[in-house]
Amino acid sequence: MKTERLIIRELKIEDALDMYEYTSKPEVSKFLTWEPHLNVEQDREFINKVLSNKDKESYYFGIVLAADLQKLIGCIHIYDVNERHKRCEISYILNPDYSGKGYATEAVAAVIKWIFMTLGLRRVQALCIEGNVKSECLMKRCGMQYEGLLKNYAVLKDGKSYSMKIYSICRGGTDQL
Ligand SMILES: CC(C)(COP(=O)(O)OP(=O)(O)OC[C@H]1O[C@@H](n2cnc3c(N)ncnc32)[C@H](O)[C@@H]1OP(=O)(O)O)[C@@H](O)C(=O)NCCC(=O)NCCS
């Protein structure tokens with residue numbers, strides 16, 4: 001996939017170092033379940049796992065700068081793809097060094113379009129921990145609509161339960177086929 005400033009493609013094992021650049025930063029996984037990575041080997045293992053997974057319920061895309069094709073700046077995960085109900089969930093991470101320029105919005109909007117056009121799904125949902133304001137703003141910028149608060153929905157690294165906000169976007173609007 002190509003956008004104005006980005007290439008969105010499958011991950012490669014060579015992306016491990018760029019990935020480690022952000023997985024090692026505590027702020028990146030603050031609202032996520034995993035601990036910051038301690039070495040690049042963890043990223044290599046992660047990419048190998050992604051590349052060996054050939055099921056059709058999950059897709060990983062790397063976000064790469066079109067102006068510097070060697071530079072991975074984030075990734076997007078599509079998961080819980082449900083063919084029967086034509087829906088899936090999406091999550092995303094951007095290297096904070098590239099934050100505040102609209103790259104994540106550009107990438108996520110393109111991936112949502114790809115999900116509708118190529119996978120033929122009708123609903124994309126995304127969840128964020130209440131308080132993950134940057135994620136929530138991104139969902140809104142991508143045209144997603146707030147649907148409600150899922151109480152005590154996720155347990156984070158501190159062992160506490162957190163509520164999550166759910167947003168979605170539907171192809172052609174709600175209840176349109
Ligand atoms: C969620 C996350 C991807 C959002 O990153 P981001 O940098 O805020 O998002 P974008 O790249 O779309 O940039 C948007 C910002 O750039 C600004 N911007 C500049 N040019 C822009 C453009 N052309 N288009 C859109 N926004 C633009 C926006 O105003 C916005 O700024 P603001 O935050 O001050 O309002 C990032 O915070 C992240 O990786 N968080 C950690 C992982 C995580 O929690 N993921 C979510 C799991 S639910």
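## Reading the ligand shell and the sheet

Author: Let's begin with the ligand: α4 contributes the most to the shell around it, five residues. Helices (H or I, at least four residues) and strands (E, at least two) are DSSP runs numbered from the N terminus. This is a predicted model, where local features need pLDDT of at least 70 and side-chain atom pairs count only at pLDDT 80 or more, while totals for chains, interfaces and linings use all residues. Residues are numbered from 1 along each chain as its sequence is written.

Reader: How many residues surround the ligand, and which are the closest?

Author: A residue is near a molecule if its C-beta atom, placed from the backbone, lies within 6 Å of it. Here 21 residues surround the ligand, with Ser99, Gly102, Ala104, Thr105 and Lys134 the closest. Two or more residues each come from β4 (87-94), α3 (103-119) and α4 (133-141).

Reader: β4 is on that list. What is the order of the strands in the sheet?

Author: Strands of a sheet pair through backbone hydrogen bonds, either parallel or antiparallel. Pairing is counted if DSSP finds at least two bridges between two strands. In this model, seven strands form an open, mixed sheet ordered β1-β2-β3-β4-β5-β7-β6. Its edge strands, β1 (6-9) and β6 (145-155), each pair on one side only.

Reader: How many bridges join β3 to β4?

Author: Seven bridges link β3 (residues 68-82) to β4, and the two run antiparallel. Within that pairing, isoleucine 78 has isoleucine 90 of β4 as its bridge partner, and asparagine 82 stands opposite arginine 87. The hairpin of β3 and β4 has four residues between the strands, and lysine 86 there takes a positive phi near 55°.

Reader: In what sense do β4 and β5 pair?

Author: Their pairing is parallel, over three bridges, and cysteine 88 stands opposite valine 124 in β5. Together, β4, α3 and β5 make a right-handed β-α-β unit; that is, with the strands pointing away from the viewer, the path from the first strand over the helix to the second runs clockwise.

Reader: Which side chains of β4 are buried?

Author: In a regular strand the side chains alternate between the two faces of the sheet. Buried means that 20 or more other C-beta atoms lie within 10 Å of a residue's own, with C-beta atoms placed from the backbone. Cys88, Ile90, Tyr92 and Leu94 point to one face and are buried.

Definitions and conventions:
A residue is buried if 20 or more other C-beta atoms lie within 10 Å of its own, exposed if 12 or fewer, and partly exposed in between; C-beta atoms are placed from the backbone.
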